[in-house]
Each structure stands twice: as structure tokens, then as C-alpha cells.
Amino acid sequence: MTRPIRPVSRTGRSLTAVTATAAAWALATVGFAASPAAAASATTTAPRLGDTCTAADLGTRHPIIKTTEVTPTITHFKGWYVTQGSTGSHTVTTSTQTTISVSVGLNGTVQGNFAVEALGSVGASLGLNVQVNYSSTSSESNSVSWNFFEPGYYGLYKGTKKVTGTYGSLNCNRTDLGGGTYGLKWTAGPDTGSYTTYTALEEGAVRCEDKVPANSIMRKAQDLLDCGSATAKHPAGSTPSAKDDKPAADETVLAEKSAKTTASQTPSTLAALSCQPAVYRIDVPGKTLNWSAPLLANDGIRLRESTFFSAHLDNWRLCNVTETNGVIEASLWNWGNGGCATIPANIANQEQAYLTTANCAEDDLQRFYIYRDVPGSSKIGLQNKYTGSMIAYDRYADGELIRQYSSGRQDGTGTFTLTAV
């Protein structure tokens, strides 16, 4: 009959004695209770597909979670032999198996309201407490303390539930209601992306003979023991499992993603644009300031008042225009400096990165989705195709930079007008 073992926490407090099998079941649920209250609060006021919106919402967006996948994952592991004379408390330094970092879309970190709302929606839909701010399992302590009462071969582990999936964008746009009438509704926008997060870490010890639930974190740790192999049957000593040095594949993928995001995307050749003949100012509705392109390459697009000296820097054309499901996609060409509106590649993954102009090219950083008010109104919202962020400004002031905001700004400052000139 198996004698009980008692876990010892990092602070050295002993928990209630349980059998090895019971511990397996109990530890599989530590930190994973369905308590998504905090996550749910992020989505209780979020709009739903088909809800009515207003012109002030044209420059905002919200996430739609399309897919979710939950995978028990071992983050730290060590195979450990306990002989008859070496039972008792041990603190074992484990080896990193898998590094999980929280990310949404392009960002190697989690920036902006959109990412937090997306992860909150994931947690609420699954009934799990997931990380909603940037964190990584590699930052966790890699030692496990355990009180062994029974000799044997143990797998000491830390693990979590890795949560991945895809999201879409919920945007306010004109909708054909039939009979020649239109209304503003929340519709599925063209922007999509992927996310990664994880639940709280658990730690414990498991043996080959323990009965544990299939597809559980403990079962994943048990698999690393190579039960039935000559290694697992070794009579004495302490040694890591042969799988201890498994590369942290997730960390490598994240590094590659970050490198791609920040790599220079400066166009090498000019694109041949097909521009519509109409010329517009991009105005703040009912006010005098509008988008003005920079004269200097290291400056950004700013709010300015149009005057005789504006030199067409406030004049824009829509180029290479396409339309899909009522959403326009276009490049914004400036008459004054001949460049196209863009987000600088080296800061594209940053919240509140500013807009500027650059040589026009076939580059998604220079492409914008345009969401329109009902016919008869020239109000619009703009979204960068590459980053998915909405375009707005921080405050209404002469010289204020035009920036990207992941969810837009909820005060209506992301709503502009296309005024023909």
C-alpha cells in the first residue's frame, strides 16, 4: 500500500498529507478553477456582431475570438531518484522544457486595450484565469520543493495550460438594411491575428505507477519519465530525464516573430499607383484642423489648419482602391510631398506609434481599411492593414501627431471626415 507524500511549498509550509494518486488529481486542478470574473469584466460591455453603433465608433474596434485550443504543457522538469535512505524533503532544480510568452498579434509583448480585451474574452469563454498582461514562464523560479516519503523514480515538474487561437476584428461600418436604407452596425472586419497565453503554473511530483487523468499536466510530466525504460528502472542515484534539455521552441518562434516585426520594410522600388481623381482633406469633424503631411522625412503626420501656405500637404488621394464586404482598402497619397501615409516599420509593433509618409510601395504598412458612415455623411474611421490598429490622435491641438491605437480611442477622436477639395 502506498504511503502518503506531503508537498512542500516554496515557503516551506507543509500541506495536508495525501496519497500519491490523490495528489496527482489535486495538483492537476491547482490554479485552474473556473474563476474568470476578472476576464469577464473586460467583455461585459463589449458590443456583439450586428449590434447598432454610432459615427463616434467608426474609429474603434473590438476583438472576436474565432478559435481556442488548450494544451497541457510542461515548462520545467527533472527526473529524480529517491532511494530508501534519501527520503524526506528535497529542493530540486529543474530544467526548462518549454517557454510560453503571452502575445497578441504582432507584438512580442501585450500592448494596448485590444490585446487585454482579447485575452479577457478568451478567459471568459473558456472559464479559465489566463494571463492578460505580458509575462513569460521563463521568469518563474525553476526549483521544486517536495517531501518524499516513498522511495522511487519521480518526475518533478512545473506546468500550465497553454492557450492559443485566432481572433478577428469587430468594426463599426455602414450596413445595407435593404430597401435603399443603411445603418451603422458592428460587423466582422478584415483584420485577423493569433494569440498565446497560459494559466497559472502548478508544480508537483509524479511517478510511473500513479494513475493520473489523460491529457492532464501530470500526464504530460509522467510521459517525460519514460516509464518502462531502463532509465526509469535505475535502482539508485539522482539524474535528469533524457528529455530535460528539450529546446524552448516557443521562445524561438517568438524571437523570430519579433525579428520579423521590427525588421526594416523600407520599400526599394516605387509602386505604380492608380489613384482616384478626387482630392480630399482628412478633417476633424466640425473643427478646423486636419491631417497635414510632413515636410521633413523624420517628422510625422500632424493636425494642422489649412491655409494658403499649406502647399497641398493637407491634400490626399485614395489609390489602389478595393472594396470587400463594404470595407474600402486604399493607400493614402499626399499631393504635397508625393509620399504615402505609413507607420514606420521600426515602431510598427508599438502602441501609439505615429504616422508619417514614405515612398509609395506595395506594403501593408501603407494600406488602410476605411469604415464609412451611412450615405450622405462623409465621416470615416481608418485602420492600418498591417498592424490592425485604428488611427486617431491624443488631443485636439495644432501640431498633434496622428497615431495608431490598438482599439482606437473611445472618445470619438478616431472619427474623421473625407472633405472633397
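I began with R61 and found that its charged end sits over the ring of F114, 3.5 Å from the ring centre; a charge sits over a ring if NZ of Lys or CZ of Arg is within 6 Å of the ring centre and within 35 degrees of the ring normal. I noted that this is a predicted model, in which local features need pLDDT of at least 70 and side-chain atom pairs count only at pLDDT 80 or more, while totals for chains, interfaces and linings use all residues. Residues are numbered from 1 along each chain as its sequence is written, and side-chain values use heavy atoms, with hydrogens and water left out.

I then looked up ring pairs and found seven aromatic pairs in the structure; rings of Phe, Tyr and Trp (its six-membered ring) pair if their centres lie within 6.5 Å, and planes under 30 degrees apart count as stacked, over 60 as edge-to-face and the rest as tilted. F114 is buried at 2% relative accessibility, and Y167 is buried at 6%, where buried means under 20% relative accessible area, with exposed over 50% and partly exposed in between (1.4 Å probe, protein chains only).

I next turned to W291 and W316, an edge-to-face pair with 6.1 Å centre to centre and 85° between the planes. W291 is buried at 0% relative accessibility, and W316 is buried at 2%. Ring pairs link W291 and W316 with Y393 and F416 into a cluster.
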